[in-house]
Amino acid sequence: MTPAPAPVAVLAPAPVAVRTGPRDARALYELSLPFLRSGALRARTPADYRRAADTFLVVRGPGGVPDACAALRLLPPGPGHPPTGVLHNLCVRAERQGLGLGGLLVAAVLARARRAALSAVVTATTGDGALFARHGFAEVPVAAAPPSWAAELDPARGSRVLRRPL
């Protein structure tokens with residue numbers, strides 16, 4: 001008779017908290033570096049992260065280190081464009097991808113946008129956009145995006161513009 005295998009301890013993942021991260025500007029930059037280098041994110045400097053740090057939501061992993069982040073920038077209303085937000089800099093540490101952290105952040109950004117009484121959220125992606133589609137975003141022509149933001153898009157990156165009404 002063979003002995004029964006020893007019980008295996010299953011560790012539950014650490015609780016995930018989404019919160020803003022103004023004190024994490026350097027960590028946000030470092031988390032984003034692989035995505036900046038690959039071209040998935042628009043080029044930004046550490047100073048850019050310091051200036052915008054209070055617009056970020058952060059998912060912390062073991063040890064409190066940011067494992068994922070996304071930012072929501074509020075755009076002022078303009079002719080034909082009511083108050084809109086821009087979801088940008090969504091990234092998840094490579095070893096933590098596939099755990100739902102990106103979806104958690106998109107949902108948190110949308111909730112924050114609703115609390116800010118925005119009419120819509122826009123984003124641009126060089127990827128397939130499936131994560132955004134699962135959260136109600138749909139591709140729109142660049143002309144349908146707020147002009148102040150659309151002017152910042154780099155056509156050479158081949159980004160698609162997505163919009164989510166609120």
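## Terms and model

Two strands pair if DSSP finds at least two bridges between them. Helices (H or I, at least four residues) and strands (E, at least two) are DSSP runs, numbered from the N terminus.

The model is predicted: local features need pLDDT of at least 70, side-chain atom pairs count only at pLDDT 80 or more, and totals for chains, interfaces and linings use all residues. Residue numbers start from 1 along each chain as its sequence is written, and side-chain values use heavy atoms, with hydrogens and water left out.

## Overall fold

The protein chain has 5 helices and 7 strands. Along the sequence they follow the pattern β-α-α-β-β-β-α-β-α-β-α-β.

Of the 166 residues in the protein chain, 40% are buried. Buried means under 20% relative accessible area, exposed over 50%, and partly exposed in between (1.4 Å probe, protein chains only). The accessible surface of the protein chain is about 9,200 Å². Carbon and sulfur atoms hold 61% of that surface. Areas come from the Shrake-Rupley method with a 1.4 Å probe; for residues, only the protein chains shown count as cover.

A contact means heavy atoms within 4.5 Å. Among contacts in the protein chain with a separation of 6 or more, 69% link residues 24 or more positions apart.

Strand E4 (residues 84-92) and E5 run parallel, joined by 3 bridges. Gly85 has Val121 as its bridge partner in E5. The chain crosses from E4 through H3 to E5, and this β-α-β crossover is right-handed. That term applies if, with the strands pointing away from the viewer, the path from the first strand over the helix to the second runs clockwise.

E5 also pairs with strand E7 (residues 160-165), here in the antiparallel sense, over 6 bridges. Val121 stands opposite Arg164 in E7. Strand E5 (residues 120-125) is mostly covered, with 5 of its 6 residues buried.

## Helix H3

Helix H3 (residues 101-115) has 15 residues. From first C-alpha to last, H3 reaches 21 Å, close to the 21 Å expected at 1.5 Å a residue. The expected span is 1.5 Å times one less than the number of residues. Buried residues of H3 include Leu101, Leu105, Val109 and Ala113.

## Positive phi values

Asn89 has a positive phi near 60 degrees. Asn89 lies in strand E4 and is buried, with a relative accessible area of 3%.

Ala117 also has a positive phi, near 60 degrees. Ala117 sits in the loop between H3 and E5. Ala117 is exposed, at a relative accessible area of 59%.

## Aromatic pairs

The whole structure holds 3 aromatic pairs. The rings of Tyr29 and Tyr49 have centres 5.7 Å apart and planes at 70 degrees, so this pair is edge-to-face. Tyr29 lies in helix H1 (residues 25-38) and Tyr49 in helix H2 (residues 46-52), so the pair ties together parts 20 residues apart in sequence. Tyr29 and Tyr49 are both buried. Together with Phe56, they form one aromatic cluster.

Phe132 and Phe137 form an edge-to-face pair, 5.5 Å centre to centre with 70 degrees between the planes. Both Phe132 and Phe137 are buried. Rings of Phe, Tyr and Trp (its six-membered ring) pair if their centres lie within 6.5 Å; planes under 30 degrees apart count as stacked, over 60 as edge-to-face and the rest as tilted.
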